[in-house]
Amino acid sequence: MAVRLSPKAGIKADQAAADQPDGLPGLLLGWYDQHRRVLPWRFAPGEVADPYRVWLSEIMLQQTTVATVGPYFQNFLGRWPTVKDLAAADLDDVLRAWAGLGYYARARNLHKCAIVVASQHGGRFPDTEEGLLSLPGIGAYTAAAILAIAFDKPATAMDGNVERVMSRLRAVTDPLPASKPILRAHAAALVPARRPGDYTQALFDLGATICAPRKPRCILCPWTAACEARKQGIAEDLPAKTAKAPKPTRRALAFVLSDVRGLVALRRRPEKGLLGGMMEVPTTPWEAGPVPSLATARSHAPLPGVDWTLLPGSVRHTFTHFEFEIRVVVGRAAGAGGGADLLWVAPDALEAQALPTVMIKILRHALYQRADG
DNA sequence: GAGTCGTGGTG
DNA sequence: TCACCAAGACT
């Protein structure tokens, strides 16, 4: 584990200055010592880093904003303070705690990874790239981030921030993702032998607060004098990216079924694929083309013989690679329960289920539509 | 290399 | 409103 060195850590100023790298890394670290963001998973200068917290935060932060992750990280750390606690948890509890955060394969891999670390590594995370890469859910970026932040090793963590900063600093105009190798080479050449963990986090802060995707604040940047894109006036145009394919729309009819007690019928999705392992409202298949009529869709209903009512309006939700439009029908089951694969849940208990956001939207539409008008 | 995989914030 | 983006991994 790494103890970070900085002037605030009680080390004499001249000693800290001698410890500071030269050139661009030194400039960035000097800026970081003054402007470093305080984040729930971040360790104070001089504090011993806990690889479990570093790992947990890095998994949550994959393609997810700092603001969104904050409460989830605190909740996970409170419920499962160590990797052994998380390994001993039920997967369904982990999925429930993850609900709303998205990319649910991360939660399944998180749990798998905790079990491997607890059972095969004595509860300690590996401190080598090879060891980390062998763990589920840890790829090139996360392995490097853990090496740098948790173990203070000079690894090159390439994420969207670093790609953007490097493309601007070196004025790389070739579009992503083809330009990844050259951007990585630029980044690797700068990682200092001293304080690589702080340097890595400093680069994240720089990308988040100064070298932002839009309207970079070059005036405040510690690297402004060296930035090639700023000199050329093209900083805001970088990094270039190849055009993305347009998003198709898929549509479906959702069946919100209640029984005589008012309990709502949910079912579990398959382990793999979209929203894998999460709970859902029964729907027709999600397909291109118009929302199927109730007559056409009846064979997909969770129970036969139910009198379905089509609600006005529709629910829209955007996934990474398609738009989703849902019409909602509501119905009342004749008795209590029924349907082998159905889980009957009281409306008050819906929040405690492993329900992805799109399903929350559908349920909200069905349960409050008439009250809201 | 190209798809798949969520969600919320922002200009 | 809408397109883009966020501490990517996996197949």
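Modeller: A polar backbone atom of Tyr141 lies 3.3 Å from a phosphate oxygen of DNA strand C, which is a polar contact, meaning a pair of N or O atoms within 3.5 Å, where within protein one must be able to donate a hydrogen and the other to accept it, and residues adjacent in sequence count only if both atoms are side-chain atoms. This is a predicted model, in which local features need pLDDT of at least 70 and side-chain atom pairs count only at pLDDT 80 or more, while totals for chains, interfaces and linings use all residues. Residues are numbered from 1 along each chain as its sequence is written, chains are lettered from A and ligands numbered from 1 in the order in which they are written, and side-chain values use heavy atoms, with hydrogens and water left out.

Two further backbone contacts reach phosphate oxygens of DNA strand C: a backbone N or O atom of Gly137 lies 2.5 Å from one, and a polar backbone atom of Gln63 is 2.9 Å from one. Around DNA strand C there are 22 residues, of which Glu58, Gly137, Asp159, Asn161 and Arg164 are the closest; a residue counts as near if one of its heavy atoms lies within 4 Å of the strand. Of the atoms of DNA strand C that come within 4 Å of the protein, 62% belong to sugar and phosphate. Helix H9 (140-151) and helix H10 each supply at least two residues of this surface, where helices (H or I, at least four residues) and strands (E, at least two) are DSSP runs numbered from the N terminus. By class, the surface near DNA strand C has 10 nonpolar, 7 polar and 5 charged residues; Ala, Val, Leu, Ile, Met, Phe, Trp, Tyr, Cys and Pro count as nonpolar, Asp, Glu, Lys and Arg as charged, and the others, Gly among them, as polar.

A cavity is found on a 1 Å grid over the protein atoms alone, as a set of points where a 1.4 Å probe fits but cannot get out, and lining residues have an atom within 4 Å of a point. Grid points are joined across faces, edges and corners, and a volume is the space filled by probe spheres set on the points. The largest cavity holds about 120 Å³ of space, and of the 13 residues that line it, Arg168, Cys211, Cys221, Trp223 and Cys227 are the closest to its centre. That lining divides into 10 nonpolar, 1 polar and 2 charged residues.

On DNA strand B, the contacts include side chains: a polar side-chain atom of Tyr103 lies 3.0 Å from a base oxygen, and an N or O atom in the side chain of His321 is 2.9 Å from a phosphate oxygen. Leu274, by contrast, brings a backbone N or O atom to 3.2 Å from a phosphate oxygen of DNA strand B. Strand E5 (315-318) and helix H15 (357-372) are the elements that give two or more residues to the surface near DNA strand B, which divides into 8 nonpolar, 10 polar and 2 charged residues.

Key:
On a 1 Å grid over the protein atoms alone, a cavity is a set of points where a 1.4 Å probe fits but cannot get out, and a pocket is an open set with protein on both sides within 12 Å along at least five of seven lines; lining residues have an atom within 4 Å of a point.
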